[in-house]
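Subject: Structure handover

Hi there,

Have a look at the model before you read on.

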Amino acid sequence: MNTALTIAGSDSSGGAGIQADIKTMIANGVYAMSAITALTAQNTTGVTGIMEVTPEFLALELDAIFTDIYPDAVKTGMVSSSELINVIADKLKEYKAKNIVVDPVMVATSGAKLISDDAIATLKKRLLPIATLITPNIPEANVLSGISISNEEDMIEAAKRIYEAYGCAVLCKGGHQINDANDLLYRDGDYMWFKGKRINNPNTHGTGCTLSSAIASNLAKGKNLDQSVNQAKIYISGALESGLDLGEGSGPLDHGFKIDGEY
């Protein structure tokens, strides 16, 4: 069985972070492993507490994984401190990690900043240059490109600038802000649109985590980048269309919508 590692924070309500990543990886047919960067107390209505692991402990987690069950792909999510980002970058280089998908969680869709300027600078310097693919939303692409995105032409220009700055492929996620669910994949001076269909479901907690994990899962199975993004888009559409409705706020996706069997 192919293997994938998620490096991210824990979501106690199970809809995002490590929990969403593991569910997604299982549903996409790979063995999932995790290195937890932080515990969060959260649910569908918000976050009430965060407790980071120490850099030393994160290093131990990564050593334990890479020296025993080597991952075929790695996905990183929200990492809120420079110290932890440095540990991740050091270990991914040390173990020559492959198929690295970085979800550069910096800015919420609402526009609120989620990590410090110092951590953003470290993310840009240490993690993005070793990524295979990064998956920014529009506010994150604004920060990484230095331009304000308001249409599809801006998405292309922003992705081009990000690629030229960091050398990694870019999946710029359009979302409802620009064009519903159409995402732009840019690399090597070329780009491709991945069309998504509008799904009327307000429960979208964890969609970013889920998409990046699904892409990593497909890369782990040996699919190329175009195939991996396309398959991940199909998967996340199905998880939204399933119509799971849990919690008082923006609820989670149905990650296991296609899992059928005796158990």
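Predicted model: local features only at pLDDT ≥ 70, side-chain atom pairs only at ≥ 80, totals over all residues.

The largest nonpolar core has 48 residues, and L5, I7, L58, L62, L92 and I134 touch the most other members. By nonpolar core I mean a set of buried Ala, Val, Leu, Ile, Met, Phe, Trp, Tyr and Cys residues joined through side-chain atoms within 4.5 Å. Buried stands for under 20% relative accessible area, exposed for over 50%, and partly exposed for anything in between (1.4 Å probe, protein chains only). Take L92: once its neighbours within four places in sequence are set aside, L92 is in contact with I7, F66, V74, A97, I100, L127 and I130, where contact means heavy atoms within 4.5 Å.

Residues are numbered from 1 along each chain as its sequence is written, and side-chain values use heavy atoms, with hydrogens and water left out.

Now the overall picture. The chain has nine helices and nine strands; these are DSSP runs numbered from the N terminus, with helices being H or I of at least four residues and strands E of at least two. Along its principal axes, the C-alpha trace spans about 50 × 45 × 40 Å. Of the 263 residues, 52% count as buried. Among contacts with a separation of 6 or more, 69% come from residues 24 or more positions apart. The chain exposes about 11600 Å², and carbon and sulfur atoms supply 51% of that area (accessible areas come from the Shrake-Rupley method with a 1.4 Å probe; for residues, only the protein chains shown count as cover).

On to the charged pairs. Side chains of opposite charge can pair when their charged atoms come close. The structure holds 10 salt bridges, each being a side-chain nitrogen of Lys or Arg within 4 Å of a carboxyl oxygen of Asp or Glu. Three of them may interest you:

- K75 pairs with D21, with the closest N and O atoms 3.0 Å apart. This pair links distant parts of the chain, as K75 is in strand β4 and D21 in helix α1 (residues 17-27), 54 residues apart. K75 is buried at a relative accessible area of 0%, and D21 is buried at 0% too.
- K91 and D63 meet through their side chains at 2.9 Å, N to O. K91 lies in helix α3 and D63 in helix α2, so the pair ties together parts that are 28 residues apart in sequence. K91 is buried, with a relative accessible area of 14%. D63, K91 and E94 are linked in a network of salt bridges.
- R126 bridges to D90, with 2.6 Å between the closest N and O atoms. The pair joins helix α4 (residues 117-127), which holds R126, to helix α3, which holds D90, 36 residues apart. R126 is buried at 17%, whereas D90 is partly exposed at 41%.

Next, the backbone. Most residues other than glycine have a negative phi. Which residues have a positive value here? K96 is one of them, with phi near 55°; K96 lies in the loop between α3 (82-94) and β5 (100-102) and is exposed at 68% relative accessibility. D188 is another, with phi near 50°. D188 sits in the loop between β8 (183-187) and β9 (190-194) and is exposed at 60%.

Last, the surface. M1, Y31 and I69 make a nonpolar patch of about 340 Å². Patches are made of residues with over 30% relative accessible area and no salt bridge, with like charges joined within 9 Å and nonpolar side chains (Val, Leu, Ile, Met, Phe, Trp, Tyr) within 5 Å. I69 is in the loop between α2 (55-66) and β4 (73-76) and is partly exposed, at 32%.

Best wishes
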